[in-house]
Amino acid sequence: MVQNPLFAIPYSLLTTRYWLLATRYRKKGRSDSFRYPDPKGIKLDQANSRIFLPKLGWLRYRNSREVLGTVKNVTVSQSCGKWFVSIQTEREVETSRPKRGTVGIDLGIAHFATLSDGTFFAPLNSFKRHEVALRKAQQSLSRKVKGSHNRKKALARVQKIHVRIANVRRDFLHKVSTAISKNHAVVAIEDLKVGNMSRSAAGTADAPGKNVHTKSGLNKSILDQGWYGFRRMLEYKLSWKGGRLVAVPPQNTSRTCPGCGHVSADNRQTQARFVCVACGYENNADVVGAINILSRGIQRLRDEGQDTANALVGMQVDWLPVSARMACGSNCIGSRKQEPAETTARGAIRA
């Protein structure tokens, strides 16, 4: 009989080894933050823009916005040589009832977001704007000796550019998501798998990929848009206002004709032009995708047994294409041909 060698090791040694492997020590320069979990020792003086923290005393800060509710905890963090204080509060908010209608959103690169009513938001491309400055700063960092003061200063310059890119993108996403959530009760959006869409096409040595350089540029543009962050912001802002975000499958949204339902890759002739080969319906390709997303979102609400009449308050259903009107419950013929619609460029937000 062969004994298991695991039982020959003392239990105390096993627990000590597990503790050493599972413990991750804090490193200088990484996640430099600490939290005050007990609100009893915290005092907030918003009139004078100062806060009292245990063992630190009164500290002045620049107030970005009014702190509402009861303070629960405070987190102090450092980034790029600056210290930030995050105050978490708790308060009761009345649930508002939305008075607007529904809209579908098609996310893209040429147009960041195209709504089903023809409105589109131009992309910001925050990383592309700062790409040259970031490349020069990283090249300068690579030539510095490790551990030197010059390397620390070069690293701070790189971090500052990264923070600027993130702040500009976050500000843009907040503006667009706020504008959409204020004017609509139900928003339909594609359930995009950004990780799969931005996966590298390099392949392996045995099976190398094709068009690797082109796919690399496309991946960079996709990640520069911040689609996941936009969806997250839109979801919680709609919930604050009593609305809802509906995610629908993204397959063939820009290849399906909203007039007759014909699905074909030939319908989308170019990036912006959509012409149905079956019925001749013509429109902007991004608008067609947003219209199909809207119809799928409304159909999903009906499948869940929810009354879409409350969600359609404040909007006219007549302007919707046949597929969307059928999803709303109107009596329309699915093979009806539509006149081409013009794409508008209203409400573009630039940061």
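Two strands count as paired if DSSP finds at least two bridges between them. Keep that rule in mind for the first stop. The model on screen is predicted.

**Stop 1**

Select residues 70–79, strand β5, together with residues 82–90, strand β6. The two run antiparallel, and nine bridges join them. Now pick serine 77. Which residue stands opposite serine 77 in β6? It is phenylalanine 84. Move to the turn of the hairpin, where two residues lie between the strands. Cysteine 80 in this hairpin takes a positive phi near 55 degrees.

**Stop 2: the whole chain**

Zoom out and show everything. The protein chain holds nine helices and 13 strands. Of its 351 residues, 34% are buried. Turn on the contacts. Take those between residues at least 6 apart in sequence: 59% of them join residues at least 24 apart. Then show the surface. Its accessible area comes to about 22,800 Å², and carbon and sulfur atoms account for 52% of that.

**Stop 3: the five-stranded sheet**

Color strands β7 to β11. They form an open sheet with mixed pairing, in the order β9-β8-β7-β10-β11. Which strands stand at the edges? They are β9, residues 120–121, and β11, residues 244–248. Each has a single partner strand, so one side of each is left without a neighbour in the sheet.

Click leucine 107: its bridge partner in β8 is alanine 113. As you look along a strand, remember a general point. In a regular strand, side chains alternate between the two faces of the sheet.

**Stop 4: the cavity**

Rolling a probe the size of a water molecule over the atoms shows where empty space is left. How many cavities of 30 Å³ or more are there? The count comes to one. The largest cavity holds about 40 Å³ of space. To find it, select its lining: Leu124, Asn125, Ser126, Arg169, Phe172, Asp224 and Gln225. Helices α4 (149–183) and α6 (212–225) are the elements that each give two or more residues to this lining.

Stay on serine 126, which is found in helix α2, residues 126–129. Is serine 126 buried or exposed? Its relative accessibility is 1%. Buried means under 20%, so serine 126 counts as buried. Leave aside its neighbours within four places in sequence, and serine 126 is in contact with Ile165, Val168, Arg169 and Asp224.

**Stop 5: two loop residues**

Select serine 49, in the loop between β2 (43–45) and β3 (50–53). Its phi is near 55 degrees, a positive value in a residue other than glycine.

Finish at asparagine 211, in the loop between α5 (194–197) and α6. Here too phi is positive, near 55 degrees, and the residue is not glycine. Is asparagine 211 buried or exposed? The relative accessibility is 61%. The cut-off for exposed is over 50%, so asparagine 211 counts as exposed.

Key:
Residues are numbered from 1 along each chain as its sequence is written. This is a predicted model: local features need pLDDT of at least 70, side-chain atom pairs count only at pLDDT 80 or more; totals for chains, interfaces and linings use all residues. Side-chain values use heavy atoms; hydrogens and water are left out. Helices (H or I, at least four residues) and strands (E, at least two) are DSSP runs, numbered from the N terminus. Buried means under 20% relative accessible area, exposed over 50%, partly exposed in between (1.4 Å probe, protein chains only). Contact means heavy atoms within 4.5 Å. Accessible areas come from the Shrake-Rupley method with a 1.4 Å probe; for residues, only the protein chains shown count as cover. On a 1 Å grid over the protein atoms alone, a cavity is a set of points where a 1.4 Å probe fits but cannot get out, and a pocket is an open set with protein on both sides within 12 Å along at least five of seven lines; lining residues have an atom within 4 Å of a point. Grid points are joined across faces, edges and corners, and a volume is the space filled by probe spheres set on the points.
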